Each structure stands twice: as C-alpha cells, then as structure tokens.
4 protein chains.
Amino acid sequence: MVVTKKVDIYTRKINYYDTDQMGIVHHSNYIRYMEEARIHMMDVENIGLDFVESRGLVIPVLSVESKFIKPAHFGEDIEIHTKFTKFNGMKFAFEYEMYNPETKELLNTGSSSHAIVKADLTPISLKRKHPDFYEKLVELYERDKDE
Amino acid sequence: MVVTKKVDIYTRKINYYDTDQMGIVHHSNYIRYMEEARIHMMDVENIGLDFVESRGLVIPVLSVESKFIKPAHFGEDIEIHTKFTKFNGMKFAFEYEMYNPETKELLNTGSSSHAIVKADLTPISLKRKHPDFYEKLVELYERDKDE
Amino acid sequence: MVVTKKVDIYTRKINYYDTDQMGIVHHSNYIRYMEEARIHMMDVENIGLDFVESRGLVIPVLSVESKFIKPAHFGEDIEIHTKFTKFNGMKFAFEYEMYNPETKELLNTGSSSHAIVKADLTPISLKRKHPDFYEKLVELYERDKDE
Amino acid sequence: MVVTKKVDIYTRKINYYDTDQMGIVHHSNYIRYMEEARIHMMDVENIGLDFVESRGLVIPVLSVESKFIKPAHFGEDIEIHTKFTKFNGMKFAFEYEMYNPETKELLNTGSSSHAIVKADLTPISLKRKHPDFYEKLVELYERDKDE
C-alpha cells in the first residue's frame, strides 16, 4: 500500500497586536500560531478539540521549539505547514514550517510535543479506552512520519 | 463614624511584549493591567480570587471602559490606583487611574463592572449564601463610593 | 441622493489561547477583535494601515468601551459588524456588534475612538495634508453615522 | 582567579489572563516569562534594553525551546533562574529554570538564543563598534557558561 504523505496547510493574517516595538511579530506569537495550525489539522482530520474534550481528555503541551528565520510583519499573511511526526500511544509531536505565501520565504520552523491525558491531567490508556482515537493517530503517524 | 476613603495602589513594570509597532503599550493591555490591579485590591482585602473560587464563584466582567491619555512605554513602570465604586448585591464596579510613577503623569483612566455568579455562570444570592463576602463588599463600597 | 448605510462584516475563529480558566474568551481579547474588525473595514475601504503608515501617519486609540453580553468559547466563530460612526477631521470612532454566527446571539457591543497623527504622535491637519484620505473618511462617516 | 557562577533570580505573579481553559498557564506565556527574566538579568547587569536601544541596537530572538514539566496556576508565583550560557561575538544564549517558589518544584526549563544587530536588523561588529558592551558580554559568559 502506498501512503501519500500529507501536509496540512493553514493560513492566517498577522494582526496589528501581534507586533512589538521592533516592528515585527513578537516571537512568542509563533508559538500561538503553531497551536492554531495543529488545531486546524486536527479539525481537518476529525479529531478536533471538541472531539477530544467531549471524551474528557485534554492535550497539554510537553515541549516546543521555534527557530525565527525571517521576521513576519503586520499586513502579511503567514502560511503554516503542519505534519504529525511522532506517536507512541501516549505522546505525539507535530512539526511546522511557516512561510510568507507571497514571497515563498521560509520564516520559521518549529515543533511541539504533547501528551493525551484526562481533563484532571492524570494518565489514560488511549489504546484501551479510546481505540478509535488511537487508531486515527496511528494512521496519521504512518502517513506523516519522517523516514 | 468617619469612613476614610482608600485607594489601592498597584505598580508593575511594562513588559517588552506589551508593546506594539507604534513603540507604545498596545491599548488592549491596559484592560489586562486593570485586571491585575483589581485582583491586587481583592487580595489586599482578603477577598482574592482563591477565596472567590473556593466558594464555587466566578466574577465575569460585564463591561470595561478605558481612556488612553498618554502612552506608556517599555522600560517604564505603571502605577494603578483602584477604587471599589459600586455594589448592588449582585454587581460591582471598579474605577482605575494609571500613572507614570516617575513623571506623575496620568496615562489612563478606566472602569470595569462585574457580576458575581456560580462557576457555571448561573446567578446566586450572595447576601443569602455568602453573607460574609456580601458584608465585606458593602464595607468596601461604603468606603470607596463616589459622593 | 440616497446613502446606503453599510456595515462591514468580519468573521474569525476563536483560538484556544483566547480562553481563560473560566472556560470562555478572556474579556481583553474582545478589544483585540475590535482592532481586527476595524482594520478589516479599513482594508475593504482601501484605507488600510499600509496606506496610513505609508503616509507617515498612525492611528492611536483614544478610548474603548466593551459590553460582554454572552461569553464566546473556543471552537466557535465570532462575527463582528463594524460601523464608522464619527469623524470631525482629527478624530473618528467605530461601533461594533459581535455575534455567534451559528446561534445569531449578540455576544458583545463596543466602540473605539481614534486620532490620526504623525508617526511621532504629533498632530497633523488631515484636510490640508492628505485631502484624499480626509474625503474618504467624510464619505464613510456620511454613510454610517447614526441619525 | 576564581569566577563565581551567578544565576539571576526573577520572580513574578501569575496573572489571571495568563491561564487558558485547561485551568493552567497557557504554554506560550512561558516564552514571555523567559523574555521578562532575561530583561531582568540584563537590567541587573547594566546592559538593559534602554542601554541597548540607545546605541541603535536590537536583540531579536533566533530560537527558543521550552519544556513544560509541571503546570503553573493563577495565584501562584513563578521564580525564574537565568544564566548567560553562550556568546560568540554576534550571538548569545540564555538558559532558564522556572520554579514554584513555595513548593520548590521545577515547572519549566528553557533556552533562547539571540543576535545583536542594528535597529534595521542588519549586522554589526559589536567588538569594533561597542567594545564596552562586548567586554561585558564576554565577562557574563565567562561567569555563567556550562563547563
């Protein structure tokens, strides 16, 4: 079977309030754009946060990394390419590349890793308790993982 | 009996990430400073949000107003004077004046009004269910109200 | 001549990071949504912030008001109706109504007033120095003002 | 000569608006706390951002990393330990550890790397143009670097 790798693409405008006095997007906002992008991907894949939270689960962030290659500015769009690159049954990870869609310049690369836990932040066996969600994440991982 | 009016004073530094590309504090952040200031006052008066939330209550904001008189900048402090100016048993209001503590210039005036409701956002009779909290708010109001 | 009143409509998703521990959009974010909405309207009317800033002008906010009628939540859209309601040659104002586009409920009403000044925040005569911009604002005002 | 390693300690309160609907500090805010902490350290060392910007320089962020070990909550303080761990004449880096000062628990570890450039974001030779600033950074690096 051939698995076609797929990258989810999410585009958003830069807001004025995203800038700082350097005249560029404040670096902390890329972390927020990453959140928007992975939520977009999960929505597209029918495992959006309403799906997750309706099962009494939350997905806290374990770690993030972000490299600021070129600055983004107010008035520009930013296009975020998201891949689902890791899954071990309890944790998963995303990788992100952010572009200026007009100039095609790469602005930022990043990654985030996450746990799936109960709403009270205690552990759960996804495979046993939510096998459909588990299978969906395996499928995304098989599709997107780096080889 | 003489009631001495009292203004709670709260001072904080301006963060770099509070600025925007105009080189000044983004106006939305004054709304956040107001929140910090009223939480400070409530802490000082022993009715802090831990007290409120431990009783299964929350204090949603009903309205805010803010007048931006002079801009604040990164590197400066901002000093916020807070008064508890209205209370009718279910709703209350604060008034704020923000100063540059070095130049004494008035930077901002604002107000916010609030409801006290249950954590699920449904109404409650404070006077009946939490008479100590109710009495404390009456006392603050008698002290700070505008005459 | 019949002037057709026009309301600019801008819709955006609620981000996860817009929420607070009450489980609703933090009230300060409505002030940011207002900024997005008026920038959208100015873009639609060809007087976007790039137009403004290319002339060495900035548009600081003088005041905002916001009434929080019903809470917005993560996963919902919010639809903002914006009108240009005041203009006196140096200052102007917008009014906003925010809706849940699915339930049609009114969530928030607000307003903001603004000055047009030079980038160094000193005054300018718009009518004399930028008559085309001035005329455009008169036109918007004539169209949207409350009668 | 004995160089005493020194860790700058910066403590701040968690704001209500720092939380999200998971009831914990939104992860993006740790990136902002890191900024506050390094600005605090630079102030303490007399190379604060006013010093930097008065010389026509800015310090854009090149990368950040953050590991979220335990969540912080509204009403708690957070204590940030900052070290200046890298400097090569053009770039430098900080490392951060964040603690709950009451429980002594480690909440977060992170790092950030930075360039020193002109305000227009073009390169500069710090050693040649600002030798005093250069020497100060060498001194901090010698003091804090990991051996």
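Strands, like helices, are DSSP runs numbered from the N terminus (E, at least two residues, for strands; H or I, at least four, for helices), and two strands pair if DSSP finds at least two bridges between them. Strands of a sheet pair through backbone hydrogen bonds, either parallel or antiparallel.

Residues are numbered from 1 along each chain as its sequence is written, while chains are lettered from A and ligands numbered from 1 in the order in which they are written. Because the model is predicted, local features need pLDDT of at least 70 and side-chain atom pairs count only at pLDDT 80 or more, whereas totals for chains, interfaces and linings use all residues.

**The sheet**
- Ten strands make an open sheet, in the order β1(B)-β4(B)-β5(B)-β6(B)-β3(B)-β3(C)-β6(C)-β5(C)-β4(C)-β1(C), with antiparallel pairing.
- At the edges stand β1 (8-13) of chain B and β1 (8-13) of chain C, each with a single partner strand, so one side of each has no neighbour in the sheet.
- From one strand to the next, the twist averages 20°.

**Strand partners in chain B**
- In β6(B), S112(B) is the bridge partner of V64(B).
- Strand β5 (residues 91-99) and strand β6 (residues 106-115) of chain B run antiparallel, joined by 9 bridges.
- K91(B) stands opposite A115(B) in β6(B), and M98(B) stands opposite N108(B).
- β5(B) and β6(B) form a hairpin with 6 residues between them, and K104(B) in the turn has a positive phi of about 65°.

**Helices on the sheet**
- Helix α1 (residues 28-44) of chain B packs on the sheet and touches β1, β3 (61-68), β4 (77-87), β5 and β6 of chain B; contact here means C-beta atoms, placed from the backbone, within 7 Å.
- The direction of α1 makes about 130° with that of β1(B); axes are lines fitted to C-alpha atoms, for helices over the stretch in contact, and angles run from 0 to 180 degrees between N-to-C directions.
- Helix α4 (residues 131-144) of chain B lies across β4 and β5 of chain B, at about 110° to β4(B).

How values were computed:
Contact = placed C-beta atoms within 7 Å.
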